[in-house]
Structure formats: C-alpha cells, structure tokens
Amino acid sequence: MNGNLKSDIISCLKKHGADIVGFGSIDRFKNSAVSHIYPDTQTVIGIAFRVLRGSHRGIEEGTTYYQYTTTGVEALEENIMPLAMLKACGIIEDHGFTALPQRRNQLLMQETDSTNPEMDYNEIYRGVTQETQLDFEHCAVQCGLGELGLHGSLLTDDFGPLQRYCFILTDAKIEASPLIKSHLCDHCGKCVSACPGKAIAADGSLDRWQCASYYKGANMSRNPFMPPEAFAEDPDRVAIIAGEAKLTPERAREVIDQIIFYPPIKHGYVSSICGKACDMACYIHLEEKGVLNKQFLTPFRKREEWRLSVSI
Ligand code: SF4
Ligand code: SF4
C-alpha cells in the first residue's frame, strides 16, 4: 500500500540530508505519546542524520570546541532536520494524507525536574508530562532505525552512536521497516567509564543533572578553559573538578552557574566540553571492532586520550 509514497518520502528525505529512514506501524506504539499527539496516526517515520565524525575531531584533539555543538547539534536540529521534514511532509500531504513533523523540543523533559545537558537549565519548561512529546529513543527503535546501547544512545550499523533523529506522524499506512535485533552493544561498559563526571551508572542509567554539570566542563582534567581559581569558594571544589562529586539537582545548579569559562552557542545550546565522551568511547569501541558499515582510512583515536592535571 502506498508503495510510491514510501519511495517518494525516502528519496525526498535523502535528497535533503537524511541518512537513515525507517517506518513504524502504529501497533508498535501502544501506550506511547504518538496517539495522544495525533490520534489518527497510522505510521511513524523515523529519520536519522549523521553527526559528522569530523565534528568531534576538535574536542578529541583538545583544540576547537564550537564545532561539535554548532555543526553536530545546532545545524542539524535547527536547519537540516526541519527542512527535510517539511519537504517530506509536503509530499505526504500532496498524496492527500496528513503529516506532523516531530522535532525534539529540547526544553520539554520526560520527567518532572529533569534537565537537558544541551540547554541552560533555567530555560527548561518543568512540570509537564511525557505525553507532550515523543520518547525519541523508543520511537527510533520502533521505526527500525537501530538499537539502544547500554547508556541509552541510539546505535546504528552505519554511524554507531553518531546521529540525531526526528519523526513524522502520518495517517498514511506505509509498510513498516523490520525491527533491528540488538547486535552492536556488547555491554563493554566503555560508555560508562568514559564520562568525566560519572553521570552514567553501571546499569547504563543516566543522572541528567550530573551529566549537565560535566557536559559543560566541570572536570578540570578535560576542560582546557577552566582557570586555576575555578570553584575557589566551593567547599566541594576538589571533588567537583576531579569529577568525583555526587551532585544533587540543587548542587548541580550551583556548579553549572559557576562554569562560565566558555561561551554558549547561539540558539541557546550549551557548548559541550565533555564532547559526549560516552558516545565517542562507544564509537571508538565499535570502530575498533570493525562492526560499523562506514569505514575510514584512519582510526578516530590516533593518540592516547589527553588529560590535564587537576590543580588542588
Ligand atoms: S560503549 Fe559498550 S556498553 Fe556502551 S553502548 Fe557502546 S557497546 Fe554498549
Ligand atoms: S560523557 Fe558527557 S554527555 Fe555523556 S554522560 Fe558524561 S557528561 Fe553526559
């Protein structure tokens, strides 16, 4: 059914920058926000866009830090994804169906008082329920885009954890893509140990406030912009800058407010100083195992991971 529509959608999305397109039939989304957002939904279309491996190069080298957030987060979320979705939605509506583009709203959280490391916590809209937006990770899996790794990132055969994604809800019935059986994540634990702030527990669960502090660079050994006097008045200074502090949401807010060593990115995205070390450790692991489809002439990690001394 709608065979031409499906191929038209895929070719349009790929023409506008999408790398992976998958389709999930509505029966895969029971008890999700899909039917709440658009009760007539028959198909969820998952669309993944690669984050360039090269966008991570600067943080890997400890040289340029804007590039990951600007080209790996902001440009995809604010420009590439909306354009591709709108064009594909236009094709669906040309066929007489309705199409709802669903981009991540970085200011809406799935849980009350949670946060998003990519945003200034002051801007998060708190107290809303998860029905206000899709569970992106769950939807990506149900659309057949990939599997979830231990730390919750979507892993795909092409790019490992290096992609971002969005969705289109439509009342068109379109043949579903097969679900991907988990085969990439081998529970090596490297994503857990790579975090400079111990924000990921051994079981893979993420403390988002801890992540927000260390994403922004609270660990001195991984932040070339942190001056020696940073956190001078904080009684937990040594534990914080060594990445050993266990932060409550209240303490995380205080720590984040003191991390003013590197400017934010326009559109309000916070600059990543950790460089998503969890994802990169996973990527390096999968690359070393040779299980990713996209191969490169040289390995991503070329030198021993750098660390700065922690001045106490
Ligand atoms: S680093 Fe290892 S444990 Fe973590 S998601 Fe990747 S493969 Fe799984
Ligand atoms: S490595 Fe960075 S993004 Fe990953 S959990 Fe730690 S602070 Fe968060």
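Two residues are taken to be in contact if their C-beta atoms, placed from the backbone, lie within 7 Å. By this criterion, residues 24 or more positions apart account for 71% of the contacts in the chain with a separation of 6 or more. The structure is a predicted model, in which local features need pLDDT of at least 70 and side-chain atom pairs count only at pLDDT 80 or more, while totals for chains, interfaces and linings use all residues. Residues are numbered from 1 along each chain as its sequence is written, and chains are lettered from A and ligands numbered from 1 in the order in which they are written.

The chain contains 10 helices and 6 strands, where helices (H or I, at least four residues) and strands (E, at least two) are DSSP runs numbered from the N terminus. Its radius of gyration, taken over C-alpha atoms, is 20 Å, close to the 20 Å that the globule rule (2.2 Å times the number of residues to the power 0.38) gives for 312 residues, so the chain is as compact as a globular protein of that length. Along the principal axes, the C-alpha atoms fill a box of roughly 65 × 45 × 35 Å. Of the 312 residues, 41% count as buried; a residue is buried if 20 or more other C-beta atoms lie within 10 Å of its own, exposed if 12 or fewer, and partly exposed in between, with C-beta atoms placed from the backbone.

The domain assignment gives domain 1 (3–170) and domain 2 (190–289), with bounds that come from an automatic or database domain assignment. The centres of the two domains, taken over C-alpha atoms, are separated by 24 Å. Their contact takes 29 residues from domain 1 and 30 residues from domain 2. On the side of domain 1 that touches domain 2, helix 3 (57–61) and helix 4 (66–94) are the elements that give two or more residues. Helix 4 gives the most to this side, with 7 residues.

A nonpolar core is a set of buried Ala, Val, Leu, Ile, Met, Phe, Trp, Tyr and Cys residues joined through C-beta atoms within 7 Å. The largest such core has 83 residues, of which Ile 45, Ile 47 and Phe 167 touch the most other members. Helix 4 gives the most to this core, with 9 residues. Both domain 1 and domain 2 give residues to the core, so it lies between them. When residues up to four places away in sequence are not counted, Phe 167 touches Val 44, Ile 45, Gly 46, Ile 47, Gln 102, Leu 134 and Cys 139.

Ligand 1 has 13 residues around it, and Gly 149, Cys 185, Cys 188, Cys 191 and Cys 282 come nearest; a residue is near a molecule or strand if its C-beta atom, placed from the backbone, lies within 6 Å of it. Helix 6 (190–194) and helix 10 (277–289) each supply at least two residues of this shell, and the largest share, 3 residues, comes from helix 10. The shell around ligand 1 has 6 nonpolar, 5 polar and 2 charged residues. Domain 1 and domain 2 both give residues to this shell, so it lies between them.

Around ligand 2 there are also 13 residues, of which Cys 195, Cys 211, Cys 274, Ala 277 and Cys 278 come nearest. Helix 7 (208–215) and helix 10 each supply at least two residues of this shell, and helix 7 gives the most, with 3 residues. By class, the shell around ligand 2 has 11 nonpolar, 1 polar and 1 charged residues. Helix 7 is mostly covered, with 8 of its 8 residues buried. What covers these buried residues includes helix 9 (249–258). Just after helix 7, Gly 217 takes a positive phi of about 110°.

Ile 180 lies in the loop between strand 6 (163–170) and helix 6. With 19 other C-beta atoms within 10 Å, Ile 180 is partly exposed. Leaving aside neighbours within four places in sequence, Ile 180 is in contact with Gly 144, Gly 146 and Glu 147. The C-alpha atoms of Ile 180 and Leu 148, 32 residues apart along the chain, are separated by 10.0 Å.

Key
Nonpolar A, V, L, I, M, F, W, Y, C, P; charged D, E, K, R; others polar.
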